[in-house]
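Hi everyone, thanks for coming. Today I'd like to walk you through one protein, going from a single residue out to the whole chain and back again. Have a look at it first, and then we'll start.

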Amino acid sequence: MKKLIFSIVFLTVGWATSHAQTFNLGIKAGVNLAKMNADFASEENRLGYQVGAWARIGGASFYVQPEAYIGSKGNKFISFTNNSNTEVAAEGKVKFTTLDIPVLLGTKFGAKNLNFRLMAGPVLSLILDDSSTFNSAYQQATDFNNYKNQAFGLQAGAGVDVGAISVDLRYEAGLTNISKSEKYKQNPNLFQLSLGFKIL
């Protein structure tokens, strides 16, 4: 499934590049509100950041937007279900530093200096660093805080361009169980709000 999605995206990027009427390059920064949906615990959102660059290739209404940015995201666990199927109140925190590489397909409408956009596409997150702290009660669980070095997801959202300024609001749904545990599942999901500036 992942290979099929990436094959379709890269074929589309190739087509868009060969038919491109415009090319833009920009930088961006923003905030994330993230959490990991877990089947064994209750969790709360964590605030993070993102900073990086984007390119936009396309014609009058259709575009492809590859990006690369460093991000911080994580999760706060407030309780978990132990082996006796009893909920235990205990705190745990996880923080990831990631290199995120989305490739978004989008459409835009409006005037040249004021237009609105809709976009969606896959995102690959490479885990550059992770840190965690857990209450001793989590020792009852088995290997749930051992994480993979990458995750795959889908982003979708909307944006607006005012001159050289871009504002985007997106939701990212995690498709990968980021935990290496064979027993516990954790899927990262987040909302992100970013401000971009077109430099080319």
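Let's begin with Arg-117, which you'll find in strand β6, residues 114-134. Please keep in mind that this is a predicted model. Is Arg-117 buried or exposed? With a relative accessibility of 1%, Arg-117 is under the 20% cut-off, so it counts as buried. And what does its side chain meet there? The side chain of Arg-117 makes a polar contact with the side chain of Asp-161, at 3.0 Å.

Now let's zoom out. The protein is built from one helix and nine strands. What about contacts along the chain? Take those between residues at least 6 apart in sequence: 68% of them join residues at least 24 apart. As for the surface, the protein exposes about 10,100 Å², and 61% of that comes from carbon and sulfur atoms.

Next, the inside. Here is a general point for those of you new to this: in soluble globular proteins, nonpolar side chains tend to be buried together. In our model, the largest nonpolar core has 17 residues, and the members touching the most others are Met-36, Phe-40, Phe-77, Phe-80, Phe-96, Tyr-147 and Ile-178. Which strands give at least two residues each to this core? They are β1 (22-38), β4 (62-81) and β5 (87-110). The largest share is from β5, with four residues.

Let's pick Phe-96 from that group. Setting aside neighbours within four places in sequence, Phe-96 has contacts that include Met-36, Tyr-147 and Ile-178. Also among its contacts are Gly-71, Ser-72, Lys-73 and Ile-127, along with Asp-129 and Asp-130.

Our last stop is Asn-177, in the loop between β8 (165-174) and β9 (186-198). Its relative accessible area is 19%, and since buried means under 20%, Asn-177 counts as buried. Which backbone nitrogens does its side chain reach? One belongs to Ser-179, at 3.2 Å, and another to Gln-186, at 2.8 Å. Leaving out residues up to four places away in sequence, Asn-177 touches Lys-148, Tyr-184, Lys-185, Gln-186 and Asn-187.

Notes:
Residues numbered from 1 in each chain as written. Predicted model: local features only at pLDDT ≥ 70, side-chain atom pairs only at ≥ 80, totals over all residues. Heavy atoms only, no water. Buried < 20%, exposed > 50% of the residue type's maximum accessible area, 1.4 Å probe, protein only. Polar contact = N/O pair within 3.5 Å; in protein donor to acceptor, adjacent residues only side chain to side chain. Contact = heavy atoms within 4.5 Å. Areas by Shrake-Rupley, 256 points an atom, 1.4 Å probe, with all protein chains shown as cover. Core = buried A, V, L, I, M, F, W, Y, C linked by side-chain atoms within 4.5 Å.
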